[in-house]
Amino acid sequence: MRTGSLRILLSLIILVGLATGHAGAQSSLADQILPRAAEATAPAATSDPVAEVAARHAEILERLEVARRNRESKENPSQDAAQANSTDADEVELLKRLKVLLAQQKTALERQAELNDAESIATERLETQRVVGFDQPPPYSFLLLDQLRDDLTTIEQRRESAAAVVRSATDALARAKSAAEEARKKRRQAAGDRPKAGHANRFLDLEAQIADEQEKLRRIELQNERLLQKTLAAQAMQLAEQVEQVRTHVVLTPAERQEKLVELDKKESDLRRARDAAEIRLRVASERLSDFDRSRDSDAATKAARTAELAARVAERETQQQTVTLLNQQLQRLADRREAWIRRFAAHGGGATEAQLTEWAAEATEASEQLARERRLQELRMDEIRAERADAEKNQPAEDDEQAEIAKWWEVKRRAQVELISAYGRNVSDIEWSRRIHESLLAEIESDRTAWRAWFSAAWSGAVGVWNYEIWSSETESVTIGKAVWGIVLLVVGLLVSRHASRALGARVLPRLGMHAGAAAALQSISFYGMVLMATLLALRLVNVPLTLFTFLGGAVAIGVGFGSQNLVNNFMSGLILLAERPVRVGDMVEIGTLVGTVEHIGARSTRIRTGTNFEIIVPNSTLLEQNVVNWTLSDKRLRCCIPVGVAYGSPTREVARWLRKAAEEHGQVLDRPEPFVWFVGFGDNALEFELHYWIQIRQLSERRRIESDVRFIIDQYFREAGLVIAFPQRDLHISSDRPLRVQLMDSGRADEEDMGRQAAA
């Protein structure tokens, strides 16, 4: 029933397409729906990924064949038909790309199966070896040990290459993800645009499918490379354990020593014969070049042919010259290898002193490093020759009758370049062989000198394994214990360095540059927060924590801030405004309501103020912006003080003003500019009222009070000496003498009754 319903639905969709004029889209639409109908009615597919990809590949082949038939059947030359043909051609190309991607996926999955088998075999062999041991009984020869070490070196080089390939595959997967997301975004945008329905949406679907398959392919390739890494790691571990087991049971026999020396002698004889043959070829090539120079004027060949022949002759001579040079270098290295073997025999047999072993180890290390540098130089030279050869092949003339002579000399030059590349390749192999001999000598010396190194190496390997243990991982990144520890260490070190560096900046560097203390404190706080932010980002980057993770956390924090952290954010933003605008700075003396003190620190949430009584008051930053704040030292540390003085009526006012001004001028901390002055402010109830005004340079909160006290002492002294009286509150009692005073005596009880009566009447 379900299959019949789907077929009816399919027929209705095709009829609607015919009615709306989308004839070109019928076959493609059917191609897209039929497989889905088949999938809906078909039984569950096999879990084999290779079979699944093969099935999808077969489906794409069918769709491609249908699209090709549609394109070939439309032969009407009208504009609509031409447009339809172009559309079908584009669809065919997209389907071809999809077919290629699926074929690549199938190949990659087959390789994945092989790599899984190889990884399982390598792991099984490693576990078997750890249980059973090495398959050959001791004692072992030097040659077996060298063979195992060479195999281990080769595996380690392959591991380095595999690690580089994994990094490249990781980057490729990231790019494929971005491309797939972009393709899906375009498809979603086009899905809601009805006028663009039809061919455009079908192409966007195909492009999105291609991007998805490309991402799948890159993911499979990354998995394959990681499997290869695991396989190589197991093989390297197996070889390392074999080397360790064989090394401790190596026995050097006189026959093996003689065999190695005879082998080196034979190698030297072969190199000498090869060098002599190269010298003969060099003389022949030089003679040919000389004959060419002598016959240049008499030869009737064309200029182009002469140029090609000259280039070929020069290439031949240079090839032989370089070959002779390389062979001489190999002979020199052979002598060094012979000496290294002799030292290996002596180190193994115990025939060398500690001083000799130390000297040999240093020389072997230096020789190994020098050979590594020589190998890099030789490889660079080989790359240069290959590039020259590639350029020559691009410019090689066509092989016709007129250019036959030129082509012949081009071929001679090409053979010379190929021979030179081979000579460099043999030299690189010889360098690598010599380097391995020196490394083997170094390993032999180290193993014979210190027996505890084996234990240390095993402990180090275990520590490295724990250090590299993976805590969690994403598709492209992994977080190990080592990375997490380094991230925490970097964060803690960043906090400590930020604190000390910002303090040094605010306390030493900026004041020496003449910056105000408040500005220095503001820059100190800003630099501290900036360095802490940088340290946090570096720690997150080291641990490979994606910053996109904080997108969700940022939304959660925003909700929390909106509901319960208004005051915290208000104070934090106020702190930033204080640091940027600087209406209040560190060291300023401020007055907030009844609070008077010196600003000591402006933090992210609050400001610390120390009062004159040595109390530390914590004030929220928002208070400094929302309330009236009196900043005594914002733009100027000069402060005008006022001391009110009242003198008795009848005092000489001019003398009073002179003595008051003199008292201010006598104090050493009262400023001369502006000058002190005295105001006669009024006639009070009990005194003539004066005000002494003067300016001081204030640096501490207690200075104002101390200076005011000193000036009052001086005023009191001067007034005493001048006979001026400082007034005090007093009342004058006037008794009328118009009538006599009435005096009456009464007892206490009656007096109390009269007082109570008067109080009641009042």
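Reader: What is the bridge partner of Arg610 in β6?
Author: Glu616 is the partner. This is a predicted model, where local features need pLDDT of at least 70, side-chain atom pairs count only at pLDDT 80 or more, and totals for chains, interfaces and linings use all residues. Residues are numbered from 1 along each chain as its sequence is written, and side-chain values use heavy atoms, leaving out hydrogens and water.

Reader: In which sense do β5 and β6 pair?
Author: Antiparallel, over five bridges, with β5 covering residues 606-611 and β6 residues 616-620. Strands are DSSP runs of E, at least two residues, and helices are runs of H or I, at least four, numbered from the N terminus. Two strands pair if DSSP finds at least two bridges between them.

Reader: And what do β5 and β6 form?
Author: A hairpin with four residues between the strands. Asn614 in the turn has a positive phi of about 70°.

Reader: Switching topic: how many aromatic pairs are there?
Author: Five in the whole structure (ring centres of Phe, Tyr or the six-membered ring of Trp within 6.5 Å; planes under 30 degrees apart are stacked, over 60 edge-to-face, the rest tilted).

Reader: Why is the pair of Trp659 and Tyr718 tilted?
Author: Their planes are at 55°, so the pair counts as tilted, and the centres are 5.3 Å apart. Trp659 is in helix α17 (residues 653-666) and Tyr718 in helix α18 (residues 701-722), 59 residues apart.

Reader: Buried or exposed, Trp659 and Tyr718?
Author: Both are buried, meaning under 20% relative accessible area; exposed is over 50%, partly exposed in between (1.4 Å probe, protein chains only).
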